[in-house]
Amino acid sequence: MPERTPSQTIGPYLHIVLTPADYKFREVFSAAVADPGIPGTHIRIEGRILDGEGNIAPDAMVEIWQADHQGRYAHPADGRPLASNSFRGFGRCATGKDGGFAFATIKPGAVPGPDGTTQAPHINVGIFSRGLLKRLFTRIYFAGEAANASDPILALVPPDRRETLIAKPDPAKPGLYRFDIRLQGAGETVFFDA
Amino acid sequence: MQDTYSRAGDAADPPYLAPDYLSTRTRAPKQPLIAIPQTLSEITGPVYGQSDVKPEEADLTTQHAGEPQGERIIVTGRVLDERGRPVPDTLVEIWQCNAAGRYIHEVDQHPAPLDPNFTGAGRTVTDEAGTYRFTTVKPGAYPWRNHANAWRPAHIHFSLFGPSFVTRLVTQMYFPGDPLFSQDPIFNAVTDARARERMVCRFDLAATKPEWALGYVWDIVLRGGNATPGDVDHA
């Protein structure tokens, strides 16, 4: 049987093809996961990526993968019909010079979990950057969601670290959630192995 | 709950912290990863296929008015899973510096010439047999400031999706016999010598196009499905 090809860092020059607007190459992906016509509660998620010294990471890339407002994935392993065929559930955003990223999307619904459980609404997140030799994987959950208390994945996280996975609504801006990612050190975001 | 995707091959990957690669020191997490089951969220993933790419995007030598400088090459191979099955209809994105070792990227200020006929970006989707194929020029080596007299071996960056969120892979393809391997902390962050060899393509005369371009072959192996009833077919 063939053996796995190892991961290598994405490096600092990922924008040439992965987010190529500045390089006159056609874009396939964007940070707009849900166009205005997609059913569901439309939200924005904004955050920054910080390293172990508290410095922002202006050369990283964030990818998100999520279910629609009914908790269904646009993928054959799910197979349940989606309310909109134009919803693909995937977004990509390079961090800016301020280390920030932003996605326009919809709040996902609850998703089936292992052994008959239900997972609270969440968004799957991949983080790539110079200095990361392989992807980091985390999840965004939503503050104030009652289902968080019974989520089977959050239950695996030590209680004092769960807050790092919870996006907080911005009281001044309806529909905006904030989710910072700390790669290392105080308040380090929980990263998963699946 | 049984895994849909094997975790055994994870050992091939480099650690997050590889101190000789200086940037890892402040970006590698210090807390251990938390292992979670592979739920519907992990065994699904973005679906992009033939309709998302244009055939000409697989040729990096024809994107401008003239031809880029350098040694024209063909890079081809198959995307497979760990059970040896082809991974069809999966997106492959590549980026690289030009033949002089300079990226078009604004951050790259290495004093080597830019090539007005070379962007260094390509994408394609694998066919039913998992095969991909790019035409490009051989990238140059270039200096970086990781350590004294540090040079990256020639490489092409590859980004692949595979059939699920957990099969996502970003890696680099290297060229055989590069004398810069021994001093490169990124290449050597993969601690197993056999695993490092799996990042190196091979010259192939059969893939070489007479009077036109040298051919290099590189197969890419993604996480494979376990043989369970819940296995995801690469539909």
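Modeller: Let's start in the middle. The largest nonpolar core here has 105 residues, and those with the most contacts inside it are A:Met61, A:Val62, A:Ile127, A:Ile140 and B:Leu160. Keep in mind that this is a predicted model.

Biologist: Now a charged residue. Is A:Arg139 buried or exposed?

Modeller: A residue counts as buried when 20 or more other C-beta atoms lie within 10 Å of its own. A:Arg139 has 24 within that distance, so it is buried. You'll find A:Arg139 in strand S8 of chain A, residues 136-142. Beyond four places in sequence, the contacts of A:Arg139 are A:His122, A:Ile123, A:Asn124, A:Val125, A:Ile153 and A:Leu165. As for A:Ser129, ten residues from A:Arg139 along the chain, the two C-alpha atoms are separated by 17 Å.

Biologist: And over in chain B, why does B:Thr136 count as buried?

Modeller: By the same cut-off: B:Thr136 counts as buried because it has 27 C-beta neighbours inside 10 Å. B:Thr136 sits in strand S5 of chain B, residues 131-137. Not counting residues up to four places away, B:Thr136 touches B:Leu60, B:Thr61, B:Ile73, B:Val75, B:Gln96 and B:Gly122. B:Asp10 is 126 residues from B:Thr136 along the chain, with 31 Å between their C-alpha atoms.

Biologist: B:Ile73 is on that list. Which residue does B:Ile73 stand opposite in S11(B)?

Modeller: First the general point: strands of a sheet pair through backbone hydrogen bonds, either parallel or antiparallel. In this case, strand S2 (residues 72-81) of chain B runs parallel to strand S11 (residues 214-217) of chain B, with four bridges, and B:Ile73 stands opposite B:Leu214. S11(B) also pairs with strand S10 (residues 202-203) of chain B, this time antiparallel over two bridges. There, B:Arg202 has B:Val217 as its bridge partner.

Biologist: How do I read a whole sheet, then? What is the order of the open sheet of four strands in chain B?

Modeller: Walk across it strand by strand: S4-S3-S8-S9, with antiparallel pairing. Strand S4 (121-125) and strand S9 (169-174) of chain B are the edges, each pairing on one side only. On average, neighbouring strands in this sheet are turned by 20° against each other, direction ignored. Zoom in on strand S8 (residues 155-160) of chain B and you'll see six bridges to S9(B), with B:His157 partnered by B:Gln172.

Biologist: Last one, the interface. How many residues of chain A are in contact with chain B, and how many of chain B with chain A?

Modeller: In general, the size of an interface is often given as the accessible area lost when the parts come together. What we have here is a residue count: 64 of chain A against 68 of chain B. On the chain A side, strands S5 (111-112), S7 (122-129) and S12 (192-193) each give two or more residues, and S7(A) gives the most, with four. By class, that side has 35 nonpolar, 17 polar and twelve charged residues.

Biologist: Which strand of chain B does S12(A) pair with?

Modeller: Strand S1 (residues 34-35) of chain B, in the parallel sense over two bridges. Look for A:Phe192 opposite B:Ile34.

Conventions: Residues are numbered from 1 along each chain as its sequence is written. Chains are lettered from A and ligands numbered from 1 in the order in which they are written. This is a predicted model: local features need pLDDT of at least 70, side-chain atom pairs count only at pLDDT 80 or more; totals for chains, interfaces and linings use all residues. Two residues are in contact if their C-beta atoms, placed from the backbone, lie within 7 Å. Ala, Val, Leu, Ile, Met, Phe, Trp, Tyr, Cys and Pro count as nonpolar, Asp, Glu, Lys and Arg as charged, and the others, Gly among them, as polar. Two strands pair if DSSP finds at least two bridges between them. Axes are lines fitted to C-alpha atoms, for helices over the stretch in contact, and angles run from 0 to 180 degrees between N-to-C directions. A residue is buried if 20 or more other C-beta atoms lie within 10 Å of its own, exposed if 12 or fewer, and partly exposed in between; C-beta atoms are placed from the backbone. A nonpolar core is a set of buried Ala, Val, Leu, Ile, Met, Phe, Trp, Tyr and Cys residues joined through C-beta atoms within 7 Å.
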